[in-house]
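Hello,

Here is the structure I promised to pass on to you. Please have a look at it first, and then read my notes below.

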Amino acid sequence: MNPSTSTTPEAAPEPVPSGGPLPPVTPEVVAAAVESLTSRLRKKLDAAIEQYAALPVTAGGEGVRIACGEDAVVTLSPGPSGVIADAGQASCSCLLAPRCLHRAAVLSACPIGDALPGGEQAASRDSSDPEPAPGGAAPAGSGGPPDSGAEGATEEADGAGPDGAGPVGAAEAVRPTAAQVAAAAGLWAAAAAVLSAGVPAAGAVPQAELLRAAHTARLAGLPAAEAAALRVVRGLRAARARHDGHRLADLVSALRELLLTAGRLAGAAPAPALAGTVRRNYQPGGSLKVYGVFREPVISAPGYGGVVTHVVAEDGRWYSVADVKPGGSARARGAATAPVAIGPAMLNHFQLSRAGLLIAGATVSPDGRLGAGKGVRATPVSGLPWTEGPMAALFARPLAEAAGARLSGHAWSESDTAEQAREPVGCDLVIVGAAGDHVLARALLPGKSDSVGGFGPLIRLVPASHHPELAHVDNLRRLASRPGLLVRVVGRVEPDRVATLLPLAAGPVPGTEATLRLPPEWQGHADLGYDRLQGAHLPPQDACPPPPDGDEVDPVAGAPLWRVRRLVELAVSGGRRAVAESARSGESYAQLRTAGFQAAADLVAGLTAEADRRSRDVFGRLTDTGPDRYAWAWVAAATHLAATERAMIHASWQPDDPL
């Protein structure tokens with residue numbers, strides 16, 4: 001990696017304490033270790049992974065050590081970036097090494113990392129990680145902070161984060177090369193096999209085949225397909241380990257995107273967007289004047305932690321300054337007040353989130369990351385309150401309009417949709433109260449009274465992260481305790497849930513007593529991941545007007561589409577046999593047809609038919625026709641379901657009474 005393009009200075013990995021996390025490892029190293037095993041050892045691999053993953057990790061001078069037995073100690077020696085990128089960085093003391101079960105099992109238990117230019121490594125972002133950190137934002141169509149990233153701004157690592165599959169102009173209709181078609185065919189075969197087997201049978205060996213195919217895709221110049229494959233592997237691992245943060249819907253989305261992308265590329269579809277783009281390169285940005293808005297903590301499953309500070313330019317474009325390195329939650333807390341590594345500006349991240357920077361010779365990545373190259377010069381300037389400049393324009397836009405723009409990504413591409421939704425939105429809300437694991441609130445329409453026709457849609461506020469060492473959950477509970485409270489929020493639209501917002505920062509609504517009363521040192525707003533609201537920060541209960549009424553309705557959950565969703569998810573969680581069994585049980589989809597979902601009913605009927613298809617040879621013996629037709633039937637049903645639900649989620653953001 002070119003030092004001039006890094007958003008943070010290069011540093012050696014922080015030491016791993018005894019019992020700490022295992023370092024990330026690149027896909028090709030894991031795949032090679034599994035492929036070197038004999039067939040007998042491969043049968044024992046899944047049990048060995050579960051056993052060795054529970055063993056203590058001890059830090060030493062050579063790296064980290066895992067004692068797998070009396071004569072078997074696996075030593076992992078990550079490079080300067082903190083990632084195992086070469087087979088020689090993993091060794092075992094047993095006689096069968098390096099083709100031993102101990103080494104392969106430990107490597108398979110490590111988090112998956114991505115390759116970066118120049119041989120440097122970083123764990124790539126994945127929305128399906130067991131405990132994903134919140135995403136970030138930058139200019140329109142840009143990315144944000146690492147969900148499971150490595151050192152600063154490596155979240156959407158090179159080769160990670162596809163642009164999504166979608167229609168392109170005739171001038172861009174360049175067909176993939178023969179190498180790309182071959183790599184995509186390998187990815188399709190590995191992914192279709194995983195789908196056919198289901199989560200219970202998708203152990204370390206099928207995952208290694210998918211990792212090998214992902215590595216081949218990267219070498220062929222298919223970063224979108226590679227990133228989708230890595231998301232699937234992480235999702236499979238989380239599902240098999242029953243991690244608390246795992247969502248089957250995330251794994252379904254990742255597998256759908258992988259199969260659709262790989263299948264179209266394998267068919268030589270002329271759509272360059274399918275290949276994706278490398279997003280790491282920084283370009284000159286000239287002179288910029290940016291104002292801090294809020295800080296967002298980052299804690300990722302592979303053991304990275306840090307902070308991303310979001311800033312906005314005078315023209316309303318979003319940028320970000322990231323400081324994310326190995327260290328987990330401890331580093332996320334410490335980075336909250338760590339110095340900002342942009343030029344000689346002597347600001348820490350707390351100060352930057354309340355101040356501004358005048359940057360000369362700025363370098364900016366396509367996802368809006370501000371670089372810290374040698375030629376960058378930055379001078380601190382006074383910040384702007386949320387009532388002035390570009391932030392005032394942010395809150396002047398109706399929430400329904402802003403949310404609609406964030407949900408404009410392709411429904412069949414999870415990465416594309418997440419990228420569109422990552423740019424923050426601003427709104428004024430009135431708290432209605434708590435409802436289960438979320439908070440209900442009404443959006444206030446800009447420029448209208450909150451007493452007559454001034455309410456927008458009923459929305460749900462959910463924590464951006466449930467990590468116990470962050471303040472998101474406690475702060476939402478505090479807000480929910482004061483119905484009628486008016487609060488100004490900057491957050492991120494949740495694209496997979498009906499009218500749901502992930503609040504990241506909050507401040508008082510101007511011109512009212514029924515709002516937050518923050519201490520002067522917070523300078524007008526609270527970063528909800530770091531700053532903890534107290535009872536003294538809330539107005540008295542008698543100062544808050546009665547909250548507006550609102551019946552919580554979920555049109556997606558109430559529609560008969562749940563039948564399609566159940567079958568699509570069953571195919572992933574149980575495999576082809578489970579879908580075939582559901583067909584034999586006499587499951588009826590007549591309710592779908594009655595409700596007008598004719599296409600959905602036809603697609604699930606086709607899926608169950610393919611799952612139970614039995615072919616015979618000329619002698620009447622059953623033959624295996626392969627998973628291709630079944631996989632395409634599943635992709636069709638899953639894609640139609642995603643598009644239909646996305647349309648319903650988009651509609652849920654519209655106000656009940658726009659007048």
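**Helix α16 and its surroundings**

The crossing of α16 and α18 is left-handed. Please keep in mind that this is a predicted model.

Packed helices are described by the angle between their axes and by the distance between those axes. For α16 and α18, the angle is about 110° and the axes lie 8 Å apart. Angles of 65 to 115 degrees count as roughly perpendicular, so α16 and α18 are roughly perpendicular to each other.

Which residues meet where these two helices pack? From α16 come R576, V579, A580, S582 and A583, and from α18 come L607, T608, E610 and A611. The residues of this contact divide into five nonpolar, two polar and two charged.

Now to α16 itself, which spans residues 576-584. Its buried residues are R576, V579, A580 and S582. They cover an arc of only 155° around the axis, so they sit on the same side of α16. Their cover includes α4 (178-197), α15 (562-574), α18 (598-611) and α19 (628-652).

One more spot is worth a visit: P655, in the segment after α19. Is P655 buried or exposed? Buried means under 20% relative accessible area, and P655 has 18% relative accessibility, so it counts as buried. Leaving aside residues up to four places away in sequence, P655 touches A400, F455, G456 and P457. P655 and P457 are 198 residues apart along the chain, yet their C-alpha atoms are separated by 4.2 Å.

Enjoy exploring it!

Best wishes

Terms used:
Residues are numbered from 1 along each chain as its sequence is written. This is a predicted model: local features need pLDDT of at least 70, side-chain atom pairs count only at pLDDT 80 or more; totals for chains, interfaces and linings use all residues. Side-chain values use heavy atoms; hydrogens and water are left out. Buried means under 20% relative accessible area, exposed over 50%, partly exposed in between (1.4 Å probe, protein chains only). Helices (H or I, at least four residues) and strands (E, at least two) are DSSP runs, numbered from the N terminus. The arc is that of the directions from the helix axis to the C-beta atoms. Contact means heavy atoms within 4.5 Å. Axes are lines fitted to C-alpha atoms, for helices over the stretch in contact, and angles run from 0 to 180 degrees between N-to-C directions. Angles under 35 degrees count as roughly parallel, over 145 as roughly antiparallel, 65 to 115 as roughly perpendicular and the rest as oblique. A crossing is left-handed if the near helix is turned anticlockwise from the far one by less than a right angle, and right-handed if clockwise. Ala, Val, Leu, Ile, Met, Phe, Trp, Tyr, Cys and Pro count as nonpolar, Asp, Glu, Lys and Arg as charged, and the others, Gly among them, as polar.
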